[in-house]
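Reader: I am new to this structure. Please take me through it in short steps.

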Amino acid sequence: AATTRSRGVETNVSARLFENLRASLAYTYNEAVIASDDAENGLPHQRRPRHLGSFSLDYAFDEGRGGLNATLQTAAKHEDGFFVFRTPLDG
């Protein structure tokens with residue numbers, strides 16, 4: 001049986017650039033490791049990047065009844081798989 005220990009920080013900043021346009025930045029630091037009684041103990045949790053970041057633009061139109069959103073999201077390198085059969089995933 002395994003559990004995951006996770007700790008970190010998440011932050012978000014948002015600002016109205018114009019009346020109908022808002023920009024947002026977000027960052028997450030997540031240290032997630034496996035806590036088990038086998039060889040996986042202490043390994044990073046699969047598919048949980050340590051660093052995540054995003055930038056978003058939100059545009060409202062038609063007096064707030066419509067909207068458009070564009071988001072750019074990035075993640076640090078992380079792993080998939082289990083036990084010793086791990087595959088690195090690019091950021």
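**Fold and surface**

Author: Read along the sequence, this predicted model follows the pattern β-β-β-β-β-β. Residues are numbered from 1 along each chain as its sequence is written, and side-chain values use heavy atoms, leaving out hydrogens and water. Local features need pLDDT of at least 70 and side-chain atom pairs count only at pLDDT 80 or more, while totals for chains, interfaces and linings use all residues.

Reader: How many helices and strands does the chain have?

Author: Helices (H or I, at least four residues) and strands (E, at least two) are DSSP runs, numbered from the N terminus. On that basis the chain has 0 helices and 6 strands.

Reader: What share of the residues counts as buried?

Author: Buried means under 20% relative accessible area, exposed over 50%, and partly exposed in between (1.4 Å probe, protein chains only). Of the 91 residues of the chain, the buried share is 22%.

Reader: Is Val 13 buried or exposed?

Author: Val 13 is found in strand E1. Because its relative accessibility is 54%, Val 13 counts as exposed.

Reader: Which strand gives the most to the nonpolar patch?

Author: The surface patch is formed by Val 13, Leu 17, Phe 18, Leu 25, Phe 55, Leu 57 and Leu 72. Strands E1 (2-18) and E3 (51-61) each supply at least two residues. The most, 3 residues, come from E1.

Notes: Patch = residues over 30% accessible without salt bridge, like charges linked within 9 Å, V, L, I, M, F, W, Y side chains within 5 Å. Areas by Shrake-Rupley, 256 points an atom, 1.4 Å probe, with all protein chains shown as cover. Salt bridge = Lys/Arg side-chain N within 4 Å of Asp/Glu carboxyl O.
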